[in-house]
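This report sets out in running text what can be read from the model shown below.

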Amino acid sequence: MAAIAPAIDERLEAYADLAVRVGANVQEGQTVFLTTQVEHAPLARALTRAAYRAGARYVDVRYRDDHVRHAMIDLGPDEALTHSPEWMKQLYRAMEGGAQLWTTGDPEPELMNDLDGERVGRARMKEVVEIIREQMVERSLNWSGVAYPSEGWAKQIYGEPDVERLWEAVAFCTRLDEADPVQAWRDHMARLEGRGKILTELELDAIHYTGPGTDLTVGLNPNARWMSALFRTRDGIEYVPNMPTEEVFTTPDCRRAEGTIRSSRPLVLDGDIIEGLQLTVKDGKIIDVQADKGAGIVRGQLEIDDRAAYFGELALVDGTSRVGQTHTTFFDTLYDENATCHIAYGFGVPEVFDGEAGEGMNISGVHTDFMVGGPELAVDGITKDGRVVPILREDVWQLD
Amino acid sequence: MAAGLERIDRYAELIVRVGANVQPGQLVEVIARIEHADVARAVARAAYRAGAVYVDVGYSDQHVRRAMIEHAGDDMLSWTPPWLLERAKHFGQVNAAIVALVGDAEPELLADLPGDRVGKARMKELGEELTNQTNEGLNNWVVTGVPNAGWATQLFGTPDVDALWDLVEFCVRLDEDDPVAAWREHVKKLGARAKLLNDMRIDSLRYRGPGTDLTVGLLPESRWEGCESTSATGINYVANMPTEEVYTTPDCRRTEGTVRSTQPLVLAGQIVKGLDVRFENGRIVDVHADEGASVIEGELASDENAPFLGEVALVDGTSRVGQTGRVFYETLFDENASCHVAYGSAYAEAVEGGVIDGVNVSSVHTDFMIGGVDVEVDAVCRDGAIVPLLRDNVWQPAA
């Protein structure tokens, strides 16, 4: 019988090359760690090939399976929920100095809906999360995440399993539709870097958000800057951890936040959807969680550790974002956070912070972004002398 | 759809309760390809229902392996990532239950790659660790098959997964009203057959047939085994589902002659057909095949003991797998249709005294089929008596 090499999907290979070359920026001789899920196999395989093409020494692929996780949460003993297998810790420790790739795009967004929300919230490999956090602080690996269009995800977005339509949206948002996507990304990142520079030079003391259900002031760190998602490892490897990315962001002073904030888009967390999230914040801490749906999931997450209820990130996105231009809710943080302004509770952003972690920058095992932006949200910077600098009005950037 | 799900869940129960025999409080490892996800998930559920403390499903992907063989450096082909070795060692230390799922979804995926690289592309240290664990009986485990479209296509020419499910269901006795009771009966029958062979005090086995004239010497300590094993921690398990064989560990120094494989063999993603092997002083000295000889040669070069026999197994024509009249292109099934031998590592539990002189230790273990209606098998007993064991695929000794 004639041997048949696997059929190659050119778009998928180009997408994988972009994630490997611009995203994680895999270096010759690096070991690459790919964390994916069984439903993403075609992308995982393309990423593996792309990583080897880029000179990877070895590509380690770990397939997760949310159905197995469902079985654990549904039927397993309590101790299984937070169990971190020893070998998994060793795997994550071995990632130091390597490149990491991960995939997103939930093929079965409602899978966990029949489970006890409190158990879903608790089911985390705590010790593994701890190791990942240390590595982020030490900036010891170059990594990136990309989404895989699947029927289930397309159905969630469009009401029908139109994978091709989703692929077109993904290709647009990740600039894969450009003649030279690599150059398009260079230009894009230079523009966002410019925005970050202007914001940093303003030396703002706080950000003030106003809108329906929202009146929130968050203090900024004098030793934190604004940046785009063009990261550098401690060894100087530049990488883009999220594709797409449209944001400039900073890590706020976690001790200084006051007011209320209403989420402007649904949030998908551990397979659950949280809608109409409204948070009340006092002395930096989230003291009340309300939602039309799924408030228990957020409350469970905020109890994972004692710093989960403090803010770790503020990110600004205007309406010219490619994700925003699709006018689509993707039900996936990687995409939706790039359509609009967002805030994260939990872990901060070490890349933008000079100083001892904990002195202003929040440290936690949780990092959850929720979307707050849109045409009705006004964002102002407050300078140290109390001057108000408009940053966003009706989704239009005011400082360019 | 509902009926299909029910069948998968019944299968998973059988795998967990009779195969691996998962005990309350045990860690459970599931080894699967991503194409086995539906059964792996059902096994995870069944294992938690049986009281598993945690179920760790490790998926592998042949396309990832293909990319590695195509692109990685020579030194990486047989490399074991330390975290995977750690994982295997941990499962040994805590006496985990192990469920390994087989059934190749793309049997020819690696066929166009250089056979020597495919043959070398095995995690060597991991293989050695698992061999040691098997010899020490650390785990209760089972290997079982998962129907999938690719495997079905190889059997039928069309991706008729339902038809393959029917075959598998028959072979693993899932078609019985009470599969657990049927397995108890079956285990008893093979146990009696093993006892009979042990009582014969066999010195060697002789195989004669087209292309075959082979003598396999046994050790005085060789012990025939049925299909029920017992782990070091005292848990009974059925290591293969289906299983129709009685097997023992031969004296790896005393194999002589030639043997022709009677069925194709799928190895490392390639198909080996028309395999002819010649032994001298126990060692494979010559390999010929119509197709795929280089994969065998690559495997035999893995370590110095690879070209010696580690297992000899007898199967007659009444086996359920044999009754299907099918070649499954999957060792787990095909070896249970027919007599077979394996080069590479031996099973220490089939020897009085474990790993003694003459018991082969290697990082590989590959079964190939040598039985069939044209092959006669005799036992040459230590007292010189010659006892026919198989004629026309019919078991000869009484009982």
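## Core and chain contact

The largest nonpolar core has 237 residues, and those with the most contacts inside it are A:Leu47, A:Val59, B:Val43 and B:Val55. Such a core is a set of buried Ala, Val, Leu, Ile, Met, Phe, Trp, Tyr and Cys residues joined through C-beta atoms within 7 Å, where a residue counts as buried if 20 or more other C-beta atoms lie within 10 Å of its own, as exposed if 12 or fewer do, and as partly exposed in between, with C-beta atoms placed from the backbone. Helix 2 of chain B gives the most to this core, with nine residues; helices (H or I, at least four residues) and strands (E, at least two) are DSSP runs numbered from the N terminus.

This is a predicted model, in which local features need pLDDT of at least 70 and side-chain atom pairs count only at pLDDT 80 or more, while totals for chains, interfaces and linings use all residues. Residues are numbered from 1 along each chain as its sequence is written, and chains are lettered from A and ligands numbered from 1 in the order in which they are written.

Leaving aside neighbours within four places in sequence, B:Val55 is in contact with residues of both chains, among them A:Val68, A:Ala71 and A:Met72 as well as B:Val28, B:Val30 and B:Tyr48; two residues are in contact if their C-beta atoms, placed from the backbone, lie within 7 Å. Between the two chains, the contact takes 34 residues from chain A and 31 residues from chain B. On the side of chain B that touches chain A, two or more residues each come from helix 2 (37-49), strand 2 (54-60), helix 3 (62-71) and helix 4 (82-93) of chain B, and helix 2 of chain B supplies the largest share, six residues. By class, that side of chain B has 19 nonpolar, three polar and nine charged residues, with Ala, Val, Leu, Ile, Met, Phe, Trp, Tyr, Cys and Pro counted as nonpolar, Asp, Glu, Lys and Arg as charged, and the others, Gly among them, as polar.

## Chain A

Chain A holds 13 helices and 21 strands. Its radius of gyration is 20 Å, close to the 21 Å that the globule rule gives for 400 residues, so chain A is as compact as a globular protein of that length; the radius is taken over C-alpha atoms, and the rule is 2.2 Å times the number of residues to the power 0.38. Of the 400 residues of chain A, 49% count as buried, and 75% of the contacts with a separation of 6 or more are between residues 24 or more positions apart.

One open sheet of chain A has five strands in the order 7-10-16-17-18, with antiparallel pairing, two strands being paired if DSSP finds at least two bridges between them. Strand 7 (227-228) and strand 18 (367-371) of chain A are the edge strands, each pairing on one side only.

A:Val137 belongs to helix 7 (residues 126-138) of chain A and is partly exposed, with 16 other C-beta atoms within 10 Å. The C-alpha atoms of A:Val137 and A:Val349 are 8.1 Å apart, although 212 residues separate the two in sequence. Just after helix 7 of chain A, A:Arg139 takes a positive phi of about 50 degrees.

## Local backbone features

| Residue | Phi | C-beta neighbours inside 10 Å |
|---|---|---|
| B:Asn281 | near 50 degrees | 10, exposed |
| B:Tyr329 | about 55 degrees | 19, partly exposed |

B:Asn281 lies in the loop between strand 14 (276-280) and strand 15 (283-288) of chain B, and B:Tyr329 in the loop between helix 11 (320-323) and helix 12 (331-334) of chain B.

Cis peptide bonds occur from A:Met243 to A:Pro244, with omega near 10 degrees, and between B:Met241 and B:Pro242, with omega about 5 degrees.
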